[in-house]
2 protein chains.
Amino acid sequence: MKKYCFGIDIGGTTVKCGLFETAGKLVDKWEITTRTRDGGKNILPDIAETIKAKAAEQGISMDEVAGVGVGVPGPVKNGKVPVAVNLHWGETDIEGELGALTGLPVKAGNDANVAALGEMWQGGAKGKRDVIVVTLGTGVGGGIIVDGKIVEGAHGAGGEIGHGHVDDTIEEPCNCGNKGCLEQVASATGIVRLAEEEMDKKADDEETLLDDKKLSSKNVFDAYKKGDDVAERIVNRFAAYLGKALGSYAAVIDPEVIVIGGGVSRAGDCLTEIVGRYYRQYAFPALKNTPIVLAQLGNDAGIYGSAKLVIDAVE
Amino acid sequence: MKKYCFGIDIGGTTVKCGLFETAGKLVDKWEITTRTRDGGKNILPDIAETIKAKAAEQGISMDEVAGVGVGVPGPVKNGKVPVAVNLHWGETDIEGELGALTGLPVKAGNDANVAALGEMWQGGAKGKRDVIVVTLGTGVGGGIIVDGKIVEGAHGAGGEIGHGHVDDTIEEPCNCGNKGCLEQVASATGIVRLAEEEMDKKADDEETLLDDKKLSSKNVFDAYKKGDDVAERIVNRFAAYLGKALGSYAAVIDPEVIVIGGGVSRAGDCLTEIVGRYYRQYAFPALKNTPIVLAQLGNDAGIYGSAKLVIDAVE
């Protein structure tokens, strides 16, 4: 195995870039702007250029570079992107084009899946081979890893665990078009939904730290940590939904560990504690002791995971 | 690859045996009694003997046999069975012992998982590599196949999809000890539970074909096929539970096909039709067209799957 590789995480505004030792060490990270105009035709040339510049800057010969891994905000099938709306891309042969531009092996994957692989490689699930990663942000995403490999699925929808059905009473449609998805009650926006409901339901004379606050996932968890009763009801509802769902998902692949990441996970250990309590209540007996841990790589999970993706591909 | 192999499916009363061509053809099948007394110590010697006798009878030299696959009613980790209650076994090194007795490579797996592999090899999911098999019998079992391989899981609980939580109102415990598992509403016994509830709920003057019948999964589906209103309510409740759960499970691995087997699946195409209707309502958009099909191998799924297990191991 060659000594270095690049991990690239393409987002709608910036491209996050990492130079790694293939043994796992992040040598350098930086960002460039994602130039989406003209159908995003500059994105891959810009990435090729920044890779070459970084190698030159670090005095690294391209012969020492194993390859380039790339995370893309959209589905990836057989190294090609059918469409990536945020990048203004139609069908793009990302592995072929970027490979030609850099002269290096290129491996591409969906960004959420790639971030999960990063957490397995050097984050919350380090040393494990069977992992469920759930990402609680604006939506609920996920990545499933079986035997060390991302499960892409027949339609690139492996790990779409934000869209399991968890509630028959929700009338408002989810972003996916269905009603009652996990994402509608366990994302940052889902927590706000539950908070609004609990604020409406509470007695007028019940005081809460949330009274004068903007209802946000952060404010709910902050109040929860201070023992606020209303926040406790909100967090318990959220955790019951998520704990039950994770129990069901764990029954599918029986992971060694479940990792929770995304903005909501900044709440910290109290989050895994309360979700774990509900998880253990509902999970199949053999699965009850599966650890639930926090993600550790934050916004770097994507560059770590894309680096690992190309390492596995060229090994 | 050698021309022949054996597939063995050990049950609590009989051992099902199959002689296969490794290309997939079942040459012969037969059964022997499972002698569980004395801690089940005769089971593996009996299997070794019947294998040798069958090879002799068919004029097959052991040099032409690739190996023996074995399905076991219990968890299997690293070729060993920690315990198999129905066989009166404590820890048993099944691959080592049966290997020594036959002089052949032996590969063992859990019986439900192995049956799923059989359906992938020569049954309802033939030609596919990513499959969810759900078995609706006395309980609800399952087998998950990713990239052609059974997902055993960290605790041997991969595919325990009968124990996802689907109902908060059930007070009676499931066999697993939890409350509200899929198994409690989607197994043959679960269908009887729903039938009893619907019979209690219906108006006294509403007539139904189920009035004078024993409440069984078969009788419910027979009445459903004749357009009976009460049976339709029962089947719709069952199908809603199962369709939603399969939607959630599909979001984990995004299979190419979902296979329904077990005794309840004898209801036939009307079963996959109604379950598919609910599945498509609740599944993530990219997953809505995933076919739901009937298992095809019936009680032979185990011998097919164990044969495939050893073929994959020695290849």
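## A sheet in chain A

In this predicted model, A:Val68 stands opposite A:Val106, a residue of strand β5(A). The two strands that meet here are joined by 5 bridges: β4 of chain A, covering residues 65–72, runs parallel to β5(A).

Both strands belong to an open sheet of 5 strands in chain A, arranged in the order β3-β2-β1-β4-β5 with mixed pairing. Its edges are formed by β3 (26–33) and β5 (106–110) of chain A, each of which pairs on one side only. On average, and with direction ignored, neighbouring strands of this sheet are turned by 20 degrees against each other. Helix α3 of chain A, residues 94–102, lies across β1 (4–10), β4 and β5 of chain A. The helix runs at about 145 degrees to β5(A).

## Chain A as a whole

The secondary structure of chain A consists of 10 helices and 10 strands. Its radius of gyration is 21 Å, close to the 20 Å that the globule rule gives for 315 residues, so chain A is as compact as a globular protein of that length. Taken along the principal axes, the C-alpha atoms of chain A fill a box of roughly 70 × 45 × 35 Å.

Of the 315 residues in chain A, 59% are buried. Among contacts in chain A with a separation of 6 or more, 61% are between residues 24 or more positions apart. The accessible surface of the chain comes to about 12,800 Å², and carbon and sulfur atoms account for 46% of that surface.

## Salt bridges within helices

Side chains of opposite charge can pair when their charged atoms come close. Over all chains, a search of the whole structure finds 35 salt bridges.

One of them links A:Lys54 with A:Glu57, whose closest N and O atoms are 3.3 Å apart. Because these two residues are 3 residues apart in helix α2 (residues 43–57) of chain A, about one helical turn separates them. A:Lys54 counts as buried because its relative accessibility is 9%, whereas A:Glu57, at 56%, counts as exposed. A further salt bridge joins A:Lys201 to A:Glu198, with the closest N and O atoms 3.1 Å apart. Both residues lie in helix α6 (residues 188–201) of chain A, again 3 residues apart, or about one turn of the helix. In this pair A:Lys201 is exposed, with a relative accessible area of 58%, while A:Glu198 counts as buried at 5%.

## Chain B and a network in chain A

In chain B, B:Lys202 forms a salt bridge with B:Asp211, and the closest N and O atoms are 3.8 Å apart. B:Lys202 is buried, with a relative accessible area of 11%, and B:Asp211 is partly exposed, with 38%. Elsewhere, salt bridges that share partners join A:Glu197, A:Glu198, A:Lys201, A:Glu206, A:Arg233 and A:Arg237 into one network.

Terms used. Residues are numbered from 1 along each chain as its sequence is written. Chains are lettered from A and ligands numbered from 1 in the order in which they are written. This is a predicted model: local features need pLDDT of at least 70, side-chain atom pairs count only at pLDDT 80 or more; totals for chains, interfaces and linings use all residues. Side-chain values use heavy atoms; hydrogens and water are left out. Two strands pair if DSSP finds at least two bridges between them. Helices (H or I, at least four residues) and strands (E, at least two) are DSSP runs, numbered from the N terminus. Axes are lines fitted to C-alpha atoms, for helices over the stretch in contact, and angles run from 0 to 180 degrees between N-to-C directions. Contact means heavy atoms within 4.5 Å. A salt bridge is a side-chain nitrogen of Lys or Arg within 4 Å of a carboxyl oxygen of Asp or Glu. Buried means under 20% relative accessible area, exposed over 50%, partly exposed in between (1.4 Å probe, protein chains only). The radius of gyration is taken over C-alpha atoms; the globule rule is 2.2 Å times the number of residues to the power 0.38. Accessible areas come from the Shrake-Rupley method with a 1.4 Å probe; for residues, only the protein chains shown count as cover.
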